[in-house]
Amino acid sequence: MSIPIETVRHVAALARLHVDEATLPALTEQLSNILNLVNQLNELDTQDVVPMSHAVDMPTPERPDIVVNTQRKEALLANAPDVAQGHFQVPKIIE
Amino acid sequence: MSHDPLYEMVIGLEVHAQMRTRSKIFCGCSTTFGAEANTQICPVCAAFPGVLPVLNTELVQMAIKTGLAVHGKIREKSEFSRKNYFYPDLPAGYQISQFELPIIEQGELTIERDDGSHKRIGITRIHMEVDAGKSLHEGIQGASWIDLNRTGTPLLEIVSEPDLSTPQEAGAYLKKLRAILRYLQVCDGNMEEGSLRCDANVSVRRHGHTKLGTRTELKNLNSIRNVMRAIEYEANRQIDILESGGSIVQETRLWDANINASRPMRNKEEAHDYRYFPEPDLPPLVITQQRIDAVAQHLPELPDAKRQRFVRDLGLSEYDAGVLTATREMAMFFEESVQQGAHPKTAANWISVELLGRLNRENLEIEQSKVSPNHLGRLITLIQNNEISGKIAKQVFDIMFETGANPETIVQEHGLKQVSDTGAIESIIAQVLADNPQQVQQYREGKTKVMGFLVGQVMKATQGKANPTAVNAILQDKLTG
């Protein structure tokens, strides 16, 4: 099975990846190979298998509704590419 | 504005309700509204690498409550999923939500239509998800600012079936849903502040057709009035397009309340490709029947049940019961007044006419009333015990409304106590009869209408404080005797 080059372009755009047109054919082939590998699973009969979303069979743990204030504003903002007056600063979102 | 009678509207609502937990959905940060920007964030809600979300148990309780209140099915096993998209207010690049296996399915609620009839509105699903941060644009040159305090605030998304057929039904549905959430105390339901948000899916079709038309999604509806107006506008817009031979484009439109019109939202170059997949960091949520039963035992009385009880047990009219159960606060106010011994019908009247009238005029909510339910109940008891007349009671009420003082003190201080002492009333009546010989003469000649005039004179002489029953009885006695 081979995926169309359009799909690779689309997926790259969704992931915000800038991909050169020149590299698209090679990427398309590689992605097709990966899908072919995974597609082998389709040969198995899973008619009677309950769908599973997690490998570990346990319910999600829950925590009590208690406020813990970490007071780490400065440290958290320190990693941002741009900061202004206590806010994360980003390119203008709306005109 | 009213839409073309050849067409009918098909409306479904998606409501996002912020849950009133103290801490966020997956971390211990506070959910308090209005704090200084980015002070209520941590590595979990700010989506730093390597953090693990842990579910807030109180949110699960609130979701179960809500599910029970709308007669929904609560899944024994539900699942969290990632909804992938990029936006600056979403630091993780994905929203943790529920997709294939939401916690609640197949609920319903009943709305009352303008003609008094009832209609069942299906609720497709209710799921849990995280709220995004807030972006600020005003007055910032060439940039936007992001405040992540709201990021990770727990939301319930409540999705209705497309069962609504008019803007009025949509309004009634929202009011009912908001009342239920407030009765449950899981959401404060403030649309202006955004703790309750609504998107509307609207399409139109010719009457008798079963195939659904192409729908549009309306956003930015920050009040029930705007929801209704936006739907009306959108239906008319679609009908105009269809009537002129055009076709509807499936799109998201933003409502602009300032100009009463909607416009298409800027098209995302990759619309709605969220690539949901099960959230690897969160195993499935498992809810036992015992847990559901325990929540059910502590479910408060909900608006519909309360309204029916007010009609059945307290003898209120459907209308009064509807007014008094519209909000939890109003119902509590009424019930506390009645506990003071006030007759339910009288209390209902005083609240819906006098109290709500005054509150509306001064733009106040019932929670802000200086008249406490206890005091109003006592005021009504004073009337019932013939200690003051209904007319005087209105004077006392006005003072209560301004000062918050208790009715007994006001009656005492202003000397408003009703005169029931027959001796005192008799001497005043004697004086009135002596002053008005002509009317007395007329009465005795059969013109009994002048009785009203004479009663009025007595009440005037006593500044309204004479017990009207006693006045009538004694006057009758004197005139015919």
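The following paragraphs describe chain A as a whole, then the domains of chain B, and then selected residues in both chains of this predicted model.

Chain A contains three helices and three strands. Burial in chain A can be given as a fraction: 22% of its 95 residues count as buried. As for contacts between residues at least 6 apart in the sequence of chain A, 32% join residues at least 24 apart.

A:Arg16 is located in the loop that runs between helix H1 (5-14) and helix H2 (24-39) of chain A. Although A:Arg16 is not a glycine, its phi is positive, near 55°. With a relative accessible area of 44%, A:Arg16 is partly exposed, because that class covers values between the limits of 20% and 50%.

Chain B is assigned three domains: domain 1 (7-293), domain 2 (301-413) and domain 3 (422-480). The centres of domain 2 and domain 3 of chain B, taken over C-alpha atoms, are separated by 33 Å.

A residue of chain B also shows a positive phi without being a glycine: for B:Asn260 the angle is about 55°. B:Asn260 sits in the loop between strand E14 (252-256) and strand E15 (261-264) of chain B. Its relative accessible area is 36%, so B:Asn260 is classed as partly exposed.

Strand E3 (residues 73-74) of chain B includes B:Lys73. The relative accessibility of B:Lys73 is 49%, and the residue therefore counts as partly exposed, since exposed would require over 50%. Beyond its neighbours within four places in sequence, B:Lys73 is in contact with B:Ile103, B:Ile104, B:Glu105 and B:Gln106. B:Lys73 and B:Gly107 are 34 residues apart along the chain, and their C-alpha atoms are separated by 6.7 Å.

B:Glu232 belongs to helix H3 (residues 224-243) of chain B. This residue is buried, with a relative accessible area of 10%, because buried means under 20%. The C-alpha atoms of B:Glu232 and B:Leu433 are 66 Å apart, and the two residues are separated by 201 residues along the chain.

B:Ser389 has a relative accessibility of 9% and so counts as buried. When neighbours within four places in sequence are set aside, the contacts of B:Ser389 are with B:Ile383, B:Gln418 and B:Gly464.

Conventions. Residues numbered from 1 in each chain as written. Chains lettered and ligands numbered in written order. Predicted model: local features only at pLDDT ≥ 70, side-chain atom pairs only at ≥ 80, totals over all residues. Heavy atoms only, no water. Buried < 20%, exposed > 50% of the residue type's maximum accessible area, 1.4 Å probe, protein only. Contact = heavy atoms within 4.5 Å. Helix = DSSP H or I, 4+ residues; strand = E, 2+ residues; numbered from the N terminus. Domains from an automatic or database assignment.
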